[in-house]
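Subject: Structure handover

Hello,

Here is the structure I said I would pass on.

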Amino acid sequence: MTRASVRNTRHAVHLDALEHAYADILASHGYDAVLLYSGQAHTFFADDQQASFAPFGHFLHWVPLPGIQHSWLRIRPGDAPLLRFHAPKDFWHLAPEPPTAAWTHRFAIEPTPETGPPATGGGRVALLGEVEPSLARELGAELNPPALLAALDELRLRKSAYEIDRLRDANRLALAGHRAARDAFEAGGAELDIQLAYLAASRQRESDVPYQNIVGLNAHGGVLHYQHYDLEPPARQLSLLVDAGRRDAGYCADITRTWAGRDADPRFAALIEAVTQLQQSLIDAIAPGVAFPDLHRRMHQQLGELLVDQGLVCCSAAAAVERGMTRAFCPHGLGHSLGLQVHDVGGRRDAKGRYLPPPRQDPALRLTRTLETGMVVTVEPGLYGIPMLLEPLRDTSAGCDIAWDAVASLYEHGGIRIEDNVAVTETGADNLTRET
């Protein structure tokens, strides 16, 4: 079979599974049908310009149309899914063409210049998406019922073979961008130059990225969500951290890489290699039945060992964890669920929709589930020189065991994060990033 035919077959299996799952979920919650709204871009206050559009994930779960606004899906078990496709008559903008791909044959497609929903078909109906409550009242539908949303979120947590294919392709495209970013950095580019090289190689507009790319030179790599692009390169080329992704049919890649520059302290390259090895050992530990918070705790244990081995602290690894040193060097969680959203749904709920809080000492951990086959997660340990977090340790007992000269060098270099996207298989892990 050709690659395209395999993709079409897997998409058909994916849609079969969705139809059966929606029928079961709707029946168990007492609904006859559900309307899913794709969403619309928002206009800025007191302006006529719009923010970038992001579609509703549950709409996108059915149809690979990430750019389609004002469209609707009606799912009524026993009937073909109805796609009410917004196709305005417009000479100001290029009007979208109704889809014709293989998956469309199982949908009833209703192109229309109108923005309103299709008829509900009667019975008890749920309306999901960002819509006005008045529309739900007009239709006699229930707007975003929490229990139903939680059940559909849970459905998205485990990815089909089709979805993993899409995530794999998103990784392949994103990696082309990362290679170009590294090359631009080595050529002496500024942060904006590196960003533009990434976008060109990954073949996307800035408005299409799944999240705002982080491109941090030197100390900027220690700002976890660094949001600027300097126009001029720094005088010294110490380091580059790039956290950047790509979408494929709505599915997100989320990859981070760190490189040492020509003026870097030799210890920094050794730290990058050590964090990379730590990350790979954590991926090797992924399997069904492994609790992600346990992997997060293992990250801190191994960070303690890394800090000792690399001469950043002079206490035991266990003491570095117990006394809060590792969390000052790495304040974020090990990773999160990944799919149609970068921080995909369901990461902090159990299978029944009940809240699963993060550990008290790790409030930033976004995934608190036990791993299951089909889940896709990021694995992204880090090691940073963030003065706001480390300097307060000077006046504590822990401060006596920190090699402050080495830490000062880390401040200049910002920090290190290495992030891959990993699918949980029946026997372990499939690294969607490294295999490409």
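The notes below cover aromatic pairs, charges over rings, and pockets.

Please keep in mind that this is a predicted model.

Aromatic pairs

Searching the whole structure gives six aromatic pairs. One of them is Trp103 with Phe107: the ring centres are 5.3 Å apart and the planes meet at 85°, which is over the 60 degrees required, so this pair is edge-to-face. Both partners are buried, because the limit is under 20% relative accessible area and the values are 9% for Trp103 and 8% for Phe107.

Tyr162 and Tyr251 make another edge-to-face pair, with 6.4 Å from centre to centre and 90° between the planes. This pair connects distant parts of the chain, since Tyr162 belongs to helix 5 (residues 161-186) and Tyr251 to strand 9 (residues 251-260), 89 residues apart. Tyr162 has a relative accessibility of 3% and therefore counts as buried. Tyr251, with a relative accessible area of 1%, is buried as well.

Trp103 and Phe107 also belong to an aromatic cluster, together with Tyr22 and Trp62.

Charges over rings

Two arginines are worth a look here. The charged end of Arg124 is placed over the ring of Tyr31, at 4.0 Å from the ring centre. Arg394 lies over the face of Trp404, and its distance from the centre of that ring is 4.1 Å.

The largest pocket has a volume of about 1000 Å³. Its lining consists of 29 residues, and the closest to the pocket centre are Ala41, Ser52, Phe53, Gly67 and Gln69. Sorted by class, this lining contains 13 nonpolar, ten polar and six charged residues.

For the second largest pocket the volume is about 460 Å³. There are 23 lining residues in this case, with Leu224, His225, Asp243, His343 and Arg366 nearest the centre. The lining of the second largest pocket is made up of seven nonpolar, ten polar and six charged residues.

If you want a place to begin, I would go to the pair of Tyr162 and Tyr251, which links helix 5 to strand 9, and then to the largest pocket, where Phe53 is among the residues closest to the centre.

Regards

Technical notes
Residues are numbered from 1 along each chain as its sequence is written. This is a predicted model: local features need pLDDT of at least 70, side-chain atom pairs count only at pLDDT 80 or more; totals for chains, interfaces and linings use all residues. Side-chain values use heavy atoms; hydrogens and water are left out. Rings of Phe, Tyr and Trp (its six-membered ring) pair if their centres lie within 6.5 Å; planes under 30 degrees apart count as stacked, over 60 as edge-to-face and the rest as tilted. Buried means under 20% relative accessible area, exposed over 50%, partly exposed in between (1.4 Å probe, protein chains only). Helices (H or I, at least four residues) and strands (E, at least two) are DSSP runs, numbered from the N terminus. A charge sits over a ring if NZ of Lys or CZ of Arg is within 6 Å of the ring centre and within 35 degrees of the ring normal. On a 1 Å grid over the protein atoms alone, a cavity is a set of points where a 1.4 Å probe fits but cannot get out, and a pocket is an open set with protein on both sides within 12 Å along at least five of seven lines; lining residues have an atom within 4 Å of a point. Grid points are joined across faces, edges and corners, and a volume is the space filled by probe spheres set on the points. Ala, Val, Leu, Ile, Met, Phe, Trp, Tyr, Cys and Pro count as nonpolar, Asp, Glu, Lys and Arg as charged, and the others, Gly among them, as polar.
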